Every structure is written in structure tokens, then in C-alpha cells.
Amino acid sequence: MVECFEDINFSDLSVDDKDKQFHSVVGHIEDILMEDEFVAMHNAFMEKHWTEFEDTEENKFIYTDIFREYGRTIEKYIEEELNDRVPNFNMIQFENELKLRQHDLDGEIFEMLATFSDFCAFKMMFLDYKNMKEGRTVDFSLDLSVSKYVVNPF
């Protein structure tokens, strides 16, 4: 008899409760980032501000205002969603845990999280978006398809 699993909870494979909590929060963030409401809000924010950014060493004063607005809108949205989904969620503790694990983390979710606290990552996100809008890069997200991972033992 072939047994298939629809969902695998990798947080259950973690060593301790702290790891389980961290991986659970990361999983929820992944879910949030893929939801239509978040994607629409993030895209609207990018559309509103992308023309302000230039690929130069010098930073404009307006970048600081946009960076703060980004934190107030995008980061706040994610934090509110996590508060609804994760019992006793504490953003400050999670941010501290991210800092401790920063060298072990890789992938788009962590790049996105870096844009909240790392101005250089934030600016690069906008420059990448600007390059895509101006046709200087290929937007691979147009061909991106997200589906559930199913384990097949054969």
C-alpha cells in the first residue's frame, strides 16, 4: 500500500521547542507572503515608490521616508498576521532570533525579512524592481507557479 503525505510539518523535526517555534513562525511568514492580499499590498507599495530610486552610491533623503513607511505598512501587516496565527507571538523575540541565526538562513523569505531592518537590502529590492519595470532584467515571477510539496516514496 502506497502512503502519501499531503503536508509535512518540518517544525516537528526540530531539536527543541525554541527551534519548533522559530520554524513555525517562518512557515506562517511564508504563507503570508504568498497570500493575494499581501502580494497586492506589496506590489502597490513598490509601484508607488520605485521611480524615486536610483542606482548610485548617494542616497536621497526621500529613501528614509519610504523605508519608514515600508516598516509601518508591510512589516506591521506581517506582525499583525503573525499575532493572529501564532499564540503568544513576540516580534522582538523573533527579530532577535533572526539576528542570531542570520548566517544560517538563506532564501527569499529571509531576503524579504532583511528589507525591514537592512537599508541596503531594502534599496536593492527597489533597484531590482526598477530594473524589471524598465525592462533591464527578466521578471521570472511571471512564470512562477507555487504548489504543495507531496512526498512520493517511489
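At 40% relative accessibility, glutamate 134 is classed as partly exposed. In this predicted model, the side chain of glutamate 134 meets that of arginine 136 in a salt bridge, with an N to O distance of 2.1 Å. Arginine 136 itself counts as exposed, at 52% relative accessibility, since the exposed class begins over 50%.

The whole structure contains 9 salt bridges. One of them joins arginine 101 and aspartate 19, whose closest N and O atoms are 2.5 Å apart. Arginine 101 is part of helix α4 and aspartate 19 part of helix α1 (residues 17-34), so the contact ties together parts that are 82 residues apart in sequence. Arginine 101 is buried, at 14% relative accessibility, and aspartate 19 is likewise buried, at 18%. A salt-bridge network links Asp19, Glu97 and Arg101.

A further salt bridge connects glutamate 69 with lysine 48, the closest N and O atoms lying 3.0 Å apart. Here helix α3, which holds glutamate 69, is linked to helix α2 (residues 36-49), which holds lysine 48; the two residues are 21 apart. Glutamate 69 is buried, with a relative accessible area of 18%, whereas lysine 48 is exposed, at 54%.

Helices α3 (61-85), α4 (91-101) and α5 (108-117) each contribute at least two lining residues, and α5 provides the largest share, with 6. By class, the lining comprises 11 nonpolar, 2 polar and 5 charged residues.

Note on methods. Residues are numbered from 1 along each chain as its sequence is written. This is a predicted model: local features need pLDDT of at least 70, side-chain atom pairs count only at pLDDT 80 or more; totals for chains, interfaces and linings use all residues. Side-chain values use heavy atoms; hydrogens and water are left out. Helices (H or I, at least four residues) and strands (E, at least two) are DSSP runs, numbered from the N terminus. Ala, Val, Leu, Ile, Met, Phe, Trp, Tyr, Cys and Pro count as nonpolar, Asp, Glu, Lys and Arg as charged, and the others, Gly among them, as polar. A salt bridge is a side-chain nitrogen of Lys or Arg within 4 Å of a carboxyl oxygen of Asp or Glu. Buried means under 20% relative accessible area, exposed over 50%, partly exposed in between (1.4 Å probe, protein chains only).
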